[in-house]
Amino acid sequence: MLRRRIYLSALIFGLAITPTWLGAQGRSDVCDEDLEELARGPHGYRQRDGRCEGVFAQPVGGTPLFVVSLTQYFEYEEIGPGDSLIVEWPAPAGPEVSLRAEGISPGLHYRMDAVRPAGSNSFSWPADILVAQGIDRDDIGVLAWINRNVGDRKRTVLLPLRVRPPDERAGCGPYTMTVWTGPRLEEVFVTLAPIDADGRPGMAIWDARPLGWRYYPAESAIAIPLPELEASGFYYVKVAGERRGGGSSTVEAWLYHPGAPLPGCSD
């Protein structure tokens, strides 16, 4: 799941962070070397305080369908220079947590990478680059993930994020998974199932359920509202898109649901 990018189109996305944690303030080897070479201007993608962040020149790559965001709450409006956003997540004990934000609007080539140590559940994300570049909430996708065993196999497991200004309470509703499609699609089908003790999908909550939208344009993000989950544990999600003119694209993901709401939720 992690390395799936080839540079062939206007936007790139991916989950690819594997180095070793070097300290509570952020790792020095988190940056994507490919993007460092494409960095441009004073806000170019580079190592910053506890993260790598910035904009870069237009690459030439992409894959047909992949996950760019999993959120429970993601809102910010009135932020300015010097402000920060609070990023929160639930995580089972053990692994370090990788974070990523990246552009999902045409022409926006932006990314932020960070890694937090095992046991952490929040990150203060300085908003200076977002403000300087005029990047709105709808312009970016945000992801958090861990690498851990699910059953007898190691998986990349997504963690639902809440992103908010410090003085704002986050909502605690169902999750939204956003996928990016390169080709235009005719229909999108979603399968969702809990993971059994042996690491396999159990009885499906959704079984190839169509979204039923009328239009899935090429080079666009598709926000999929998931149903509210009840039991804590790991869940399997498959998103399959039927391409216009024939063929299909599919992406699989595993996510973690803590069961109980995170502290500080508002209805």
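Author: The dialogue below goes from the whole chain to the sheet, the cores and the aromatic pairs. The model is predicted, so to speak of local features a pLDDT of at least 70 is needed, and side-chain atom pairs count only at pLDDT 80 or more, whereas totals for chains, interfaces and linings use all residues. Residues are numbered from 1 along each chain as its sequence is written, and side-chain values use heavy atoms, with hydrogens and water left out.

Reader: How many helices and strands are there in the chain?

Author: Helices (H or I, at least four residues) and strands (E, at least two) are DSSP runs, numbered from the N terminus. The chain holds two helices and 18 strands.

Reader: What share of the residues is buried?

Author: Buried means under 20% relative accessible area, exposed over 50%, and partly exposed in between, with a 1.4 Å probe and protein chains only. Of the 267 residues in the chain, 52% are buried. Among contacts (heavy atoms within 4.5 Å) with a separation of 6 or more, 71% join residues 24 or more positions apart.

Reader: In which order do the strands of the open sheet stand?

Author: Strands of a sheet pair through backbone hydrogen bonds, either parallel or antiparallel. Here two strands pair if DSSP finds at least two bridges between them. Ten strands form the open sheet, in the order S1-S2-S6-S5-S8-S9-S17-S16-S13-S14, with mixed pairing. Strand S1 (46-48) and strand S14 (206-210) are at the edges and have a single partner strand each, so one side of each is left without a neighbour in the sheet.

Reader: Which strands pair with S17, and in what sense?

Author: Strand S9 (residues 153-158) pairs with S17 in the parallel sense over two bridges, while strand S16 (residues 233-243) pairs with S17 in the antiparallel sense over ten bridges. Leu-255 in S17 stands opposite Leu-158 and is also the bridge partner of Tyr-235. Another bridge to S17 joins Glu-242 and Ser-248. The hairpin of S16 and S17 has four residues between the strands, and Gly-245 takes a positive phi near 90° there.

Reader: Is strand S17 (residues 248-257) mostly covered or mostly open, and how many of its residues are buried?

Author: Strand S17 is mostly covered, with seven of its ten residues buried.

Reader: Which residues have the most contacts inside the largest nonpolar core?

Author: In soluble globular proteins, nonpolar side chains tend to be buried together. A nonpolar core is a set of buried Ala, Val, Leu, Ile, Met, Phe, Trp, Tyr and Cys residues joined through side-chain atoms within 4.5 Å. The largest one has 34 residues, and Tyr-110, Trp-125 and Ile-140 have the most contacts inside it. Strand S8 (residues 140-150) gives the largest share of this core, five residues. Apart from it lies another core of 25 residues, including Trp-145 and Val-251.

Reader: How many aromatic pairs are counted?

Author: Rings of Phe, Tyr and Trp (its six-membered ring) pair if their centres lie within 6.5 Å; planes under 30 degrees apart count as stacked, over 60 as edge-to-face and the rest as tilted. By this rule there are four aromatic pairs. The rings of Phe-234 and Tyr-256 have centres 5.5 Å apart and planes at 50°, so this pair is tilted. Phe-234 lies in strand S16 and Tyr-256 in strand S17, so the pair ties together parts 22 residues apart in sequence. Phe-234 counts as buried at 18% relative accessibility, and Tyr-256 counts as buried at 14%.
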